[in-house]
Amino acid sequence: MKRILCLLLLGSATICFGAPVENEVYFRAMKDEMNRTLKELRLPGEAKPFYVAYWIRERFQFRREASLGVLSTITPLEQDWLVQGVVEVGTEQDSSRGFARSEEMKIGLWTPVSYEALRTQLWKLSNRLYLDSLERYKQKKAYLRTKNIQNKLPDWVPAKQGVSIEEITPWQQPDSARLEAWLQKVSAWGKDVKFLENFTVFGEEMRRNDYFLNSLGGKFQTTLTQNYITVSAEFRQPDGYRERESRQFLVKDFSVQQLAATEQKIQEFFTDMQALYGAKTGEAYVGPVLYKPAAAKSFLKILLFNELNKTVPYFVQDNDEDMQASPWRKKLGQRILSPGIAIYDRPQETEFEGIGLMHWNVDFEGVPTQELVLVGKNGRLEQLPLGQRPLAKKHASNGHIFLLDEIAPREGLSNVFVEPEHPLTDEQMEEKLLARCQELELEYCYIAHTSNDFERVYTKDGHKERIVGLEDANLSARSLRDIEAAGGSRKVFLGWPILITPSLLVNEVEVLPRDRKPGRKPFIAKP
Amino acid sequence: MKKILICSLFLFICNLAFGAQPNCKATDQFPLQVMQAELKRNFKTLKKQKPPIYYLSYTYTDQDTYSLWVDANGIGDDTADHTGYIEVTARAGDEKTDNTRFLSNGDRADYVYMRREISQLNEKDPLAFRRYLWNATQQSAERAQSDLDKVKSDAQTSAERQDDSNDFVLPPKSSYCRTQEKVEADTQRIKEMLVRLSNVTRGHKEVLYSSFDFSIRQGTRYFVDSVGSQIVTPFLWMRLSYSFEGKTADGLELMRSKSYDVISTDELPDEDSLRQDMEKSLAELNELTNAPEAEPITVPTILNNRAMAVFVHEVLGHRMEGHRQKQNSFGKTFTDKIGQAVTVPFISIIDDATLETFNGKPLRGFYEYDDEGVKVRPVTLIENGVLREFLMGSSPIKGFSASNGHGRRQIGNSPVARMGVTRLIASETVPYEELEKQLIEEVKRQGKPYGYVIDDLSGGFTQIYSGRAQVFKLTPQYVYRIYPDGRKEVVRGADIVGTPLVSFSQIKAAASDDAVFNGTCGAESGWVPVSAIAPSVLLKSLEIEKTAKSSSKPPVLPAPMAILKESK
């Protein structure tokens, strides 16, 4: 997609490339209702709004699925439009911000598309948000009194606002006939694998366009398209255990070339299924594990990234502590990772090896985004995602307020890159694993393809054997400092945040058998 | 929905082919051929298992849907979908005791197992379809056996059942095939029309929220079972509707809405007629906004025809559903009243789902075979005031051992006895004007300050579970008082409440103005299309309560459509 960006820092020089066209109707509707909200939305004798932000999300989802040669659908073509926002009352020093009730209010309203319809939904939204803010404002004051908090930090540390307008071309539905024919063809391959009970393949394209405006002048318009093919297989092991395996392949688009390239990966998937069928069940193990990228993604998310957000705690009704706030905020400057692997968050990165990334030039507080060095090469936690609500006295936003759960903007990450200083090839990683095995005098050690797909590598001759029924267990933050080496070949994993990671060799991991029960054999043979 | 059955009759439109006659051969239908073959193969083995699967059925529903949502000059939803649903029913044990029995706590396992959604069957590749059926059968049979264990364990630890009838009666073998052409609606025209019409709320400060909708659901249902039935039937529902909502300063929520039943989009009212209807609804909403609030009172009341139709459905109809006479968890208002008078002698109530239309209007509750493969027949629930029958699915009850074709369900749910087309017939009627005169006479006779006319009901609930008062509470959308001098006054915030036996004994007279209410009713087996037909009826007495109000204020600022005069 041709990308044209216009990045403007308010109060400084404008940086513009090309002439992107902003959605006039959307921004006009947001601006007009925002002006009305700021000027007129006020209950007699109550605080008035001091900050308003709106965003409109357009979502187009195209999905086609086939199973064993037959087309099926889970969702029809989806197109929808959602309006969301923030209305805060009070002042920058003392406002409704940063206070959460036990049930945090989150609103998103589906909307028809016209100037009038958007105004109507923004009006509904503003009214509800305003009333909620008034309530929170009062509850927050009561909370501060009760807890005897007198010298709290201000609620808002102003930062320069930015404008970023990316050109958005109209969404075109992919060639459904081509994709459907291909899905039917490749899903029918599942019929040739005798032990498979089901084999499903689906292709999905997601287009998301975001339009943001706040009352300080911050503004952005951005777009993201992602395509992927997902395969999943179901079968019963000869001893009755049910297995469900799936794999996702990111593609640039559903062109003939991309689909043809995916076929090879699907064949590899079948090879792996063949290896899993009838594979031995594993036993408890403690030792080195080589995490392939998909398994490394789970490892890093569980141990680090799932909690590296919501950095600045809220005051929470009836609690002394915000249990959802990131525990990592207390570890700034400490060594949290083995040296030699740096981790960055790059909101403005648009793609990695042809795969579209979430790119944000301006965050959901209107602040230009910055690249963060989360973990330096020395393994220390260097930076945290921050917005305009301060964590400490000296505070500046680094433009990292995002929609973590699609509704509430909080401190978060975008595109996380794991970058080893001295990356090893796949062969070198396996050699290092075996060397470590020999050193520990283990009969075998493990390669984890995903968090529950393990391959045993025998120390004696290096031969490999698929093992089922295992999972890594008792992982702790300590394991992050146990990373021995990292690979050079990185893969992209969608989700929040998007993670680009190589393989990781972890020195010591507990691998335990999963608790599961076998099912009965089918009453009747497969047709 | 454990203790209170909430059944809201949303105004939906029903459209089914007229003059339903078989027009095809079931065995020529590709899905049915495959289903029949796979069912035979599976049942042969399953019936020998321990415990045996003694009954097996497959349903394949091939469905097209279209939905459109418009508001404030814009389109929000414009979605078409085509999906096929495979569902398998397996019954383990025997007819006396099987896996489908309600447990003593009122719960029951969902025994219709939906396995797959398919968008397009490939006639060249029946093997894939067979694999889906096989897989679904396997899982359904496993679940049936496991649920039977729960039923048996529950029977051992629970008090004796008051009605120890069998859990199932095998349906008779049926063969029927009718298909119909897919209706291609001119959705573009409707879309453009609704966008234009959605501007009708401009300048109306009383309207806070509005919605303009159009939907179509159509397709074919294929059914086979181990008895040997082979049934193919079409379905088609089409609806255009709008609603306007408001709220008074004291928190009372108000609504005016209307919907239209059609067979094709050509039958929809033209744009001018729709606009006139909408303007009338807006005027009524404005009238309600400024109307005085109702006070609790017991007075003579007319339920206008469509409101009476809803009243019959909610207050009486649900209590006539067979399974409610069987389970201890229900109130069983009518269980032991067969042969007894339950209302006045000039009233009869039947449920006749074989009716396709009434006075030219399509009936949404029409169907030919129920979801258990039983041909539906008219059921006389009340004859000249005397209770005669119940609505029956394939779960027998004391005194009623066979289904009358009312085992119904939404896709993905397990069937129970449900209504189809419920009709109140009065053998003595008067013109509507006379009914109003009788209302005034009754008001004077009782010395009441006024009587009520309930013009439109939006829904409500009726409590049918034991341990709770067997009461109903219905929410009218539009009501007015009639004073002894004939003056009429619209009021807001009036709910009607009461108990079924008392209410139906209060019927004094009926008009000759039968009308249809088409809707969708929600209960244990999901949402099913229904119709109700009734004339306007005068009740000697009905209790009016104040409607509950919202605790939230109306919006601080007026809606943008109220202040935007022209299209921007």
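Guide: Let's start with strand β3 (residues 53–71) of chain B, which pairs with strand β7 (residues 209–225) of chain B in the antiparallel sense over 14 bridges. Strands here are DSSP runs of E with at least two residues, helices are runs of H or I with at least four, and the numbering goes from the N terminus. To count as a pair, two strands need at least two bridges between them in DSSP. Keep in mind that this is a predicted model: local features need pLDDT of at least 70, side-chain atom pairs count only at pLDDT 80 or more, and totals for chains, interfaces and linings use all residues. Residues are numbered from 1 along each chain as its sequence is written, while chains are lettered from A and ligands numbered from 1 in the order in which they are written.

β7(B) and β8(B) make a hairpin with four residues between them, and B:Gly228 in the turn has a positive phi of about 115 degrees.

Chain B has another hairpin to compare by eye. Strand β14 (residues 379–383) of chain B pairs with strand β15 (residues 386–387) of chain B, antiparallel, over two bridges, with B:Glu383 opposite B:Val386. Two residues lie between these strands, and B:Asn384 takes a positive phi near 45 degrees. β14(B) has a further antiparallel partner in strand β11 (residues 347–351) of chain B, over three bridges; here B:Ile350 has B:Thr380 as its bridge partner.

B:Leu316 sits in helix α5 (residues 305–316) of chain B. It is buried, with 25 other C-beta atoms within 10 Å; the scale calls a residue buried at 20 or more such atoms within 10 Å, exposed at 12 or fewer and partly exposed in between, with C-beta atoms placed from the backbone. Beyond its neighbours within four places in sequence, B:Leu316 is in contact with B:Ile349, B:Pro500 and B:Phe504, where contact means C-beta atoms, placed from the backbone, within 7 Å. B:Phe472 is 156 residues away from B:Leu316 in sequence, yet their C-alpha atoms are 9.8 Å apart.

Now step back to the whole of chain B, which has eight helices and 26 strands. Its radius of gyration is 25 Å, close to the 24 Å that the globule rule gives for 568 residues, so chain B is as compact as a globular protein of that length. The radius is taken over C-alpha atoms, and the rule is 2.2 Å times the number of residues to the power 0.38. Along the principal axes, the C-alpha atoms fill a box of roughly 75 × 60 × 45 Å. Of the 568 residues, 48% count as buried. Among contacts with a separation of 6 or more, 79% come from residues 24 or more positions apart.

And the other chain? 35 residues of chain A are in contact with 44 residues of chain B. On the chain A side, the elements giving two or more residues are α1, β4 (70–72), α2 and β9 (196–214), with α2(A) giving the most, seven residues. That side divides into 19 nonpolar, eight polar and eight charged residues. Ala, Val, Leu, Ile, Met, Phe, Trp, Tyr, Cys and Pro are the nonpolar ones, Asp, Glu, Lys and Arg the charged ones, and the others, Gly among them, polar.

Helix α1 (residues 24–40) and helix α2 (residues 115–146) of chain A also pack on each other: their axes come within 9 Å and cross at roughly 40 degrees. Axes are lines fitted to C-alpha atoms, for helices over the stretch in contact, and angles run from 0 to 180 degrees between N-to-C directions. The residues making the contact include A:Met30 and A:Thr37 of α1(A) and A:Leu122 and A:Trp123 of α2(A). By class, that contact has eight nonpolar, two polar and four charged residues.

Key
Two residues are in contact if their C-beta atoms, placed from the backbone, lie within 7 Å.
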